[in-house]
Amino acid sequence: MKDSTLNNLSGSPLDEDDPVFTEPWEARAFALACALQEQGLFSRTEWAEQLGQAIVNAQAAGDRDLGDTYYQHWLSCLEALTLAKGLATQDDLATQKQAAHEAHQSMHAELGHFDSGTHHKRIGGENVKEQE
């Protein structure tokens, strides 16, 4: 048993020595994609094609493809499929994104991670504090 296994008592899945999910939202995106697929709302082929397109689009927009944005592609794919299948509207997605953002900000504020007048931006896998 590797030391990382002993240190990972939270139950988070590991890929080699690293956690598969670095943020809780990544695990939620993964679970949602699996649940929608299991319910037959899209096929594995549809998922693979749409995920591939999301990655191509991101690379064309400048994504350096270092692996740290992989689950952002999952979100793009989920959004595209839910819109295409009529499972959600743009307004639905915008409302959910805003609610998730507010919950995330609130959690960090409660933990004391944010100073007033600043916010954090994730760049290349690192959190960067910016002045507003």
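Predicted model: local features only at pLDDT ≥ 70, side-chain atom pairs only at ≥ 80, totals over all residues.

Reply: Happy to! Let's begin with a term: a salt bridge here is a side-chain nitrogen of Lys or Arg within 4 Å of a carboxyl oxygen of Asp or Glu. Glu79 and Lys97 make such a salt bridge, with 3.1 Å between their closest N and O atoms. Glu79 sits in helix H4 and Lys97 in helix H5, so this pair ties together parts that are 18 residues apart in sequence. Helices are DSSP runs of H or I with at least four residues, numbered from the N terminus.

Residues are numbered from 1 along each chain as its sequence is written, and side-chain values use heavy atoms, with hydrogens and water left out.

H4 is our part, then. Helix H4 covers residues 70–84. Its 15 residues should span 21 Å at 1.5 Å a residue, and its end C-alpha atoms are 21 Å apart, which agrees; the expected span is 1.5 Å times one less than the number of residues.

Now for its two sides. Buried means under 20% relative accessible area, exposed means over 50%, and partly exposed is in between (1.4 Å probe, protein chains only). The buried residues in H4 are Tyr71, His73, Trp74, Cys77, Leu78, Leu81 and Thr82. Viewed down the axis of H4, they fall within an arc of 165 degrees, so they line one face of the helix; the arc is that of the directions from the helix axis to the C-beta atoms. The cover over these buried residues includes helix H2 (24–38), H3 and H5.

Thr82 gives a close-up of that face. Thr82 has 12% relative accessibility and counts as buried. Leaving aside residues up to four places away in sequence, Thr82 touches Leu36, Leu87, Ala88 and Leu93, where a contact means heavy atoms within 4.5 Å.

The whole structure holds 2 salt bridges, and one of them joins the side chains of Glu46 and Lys85 at 2.6 Å, N to O. Glu46 lies in helix H3 (residues 44–60) and Lys85 in the loop between H4 and helix H5 (90–110), so this pair ties together parts that are 39 residues apart in sequence. Both partners are partly exposed: Glu46 has 28% relative accessibility and Lys85 has 37%. Gly86 follows H4 and has a positive phi, near 75 degrees.

The phi of Asp65 is positive, near 55 degrees, in a residue other than glycine. Most residues other than glycine have a negative phi. Asp65 is partly exposed, at 46%.

Finally, how far to trust the model? The pLDDT is the predictor's confidence in each residue, from 0 to 100. The protein has a mean pLDDT of 80, with 73% of its residues at 70 or more. Confidence is highest in H3, at 96, and lowest in helix H1 (residues 3–7), at a mean of 43.

Note on methods
Helix = DSSP H or I, 4+ residues; strand = E, 2+ residues; numbered from the N terminus.
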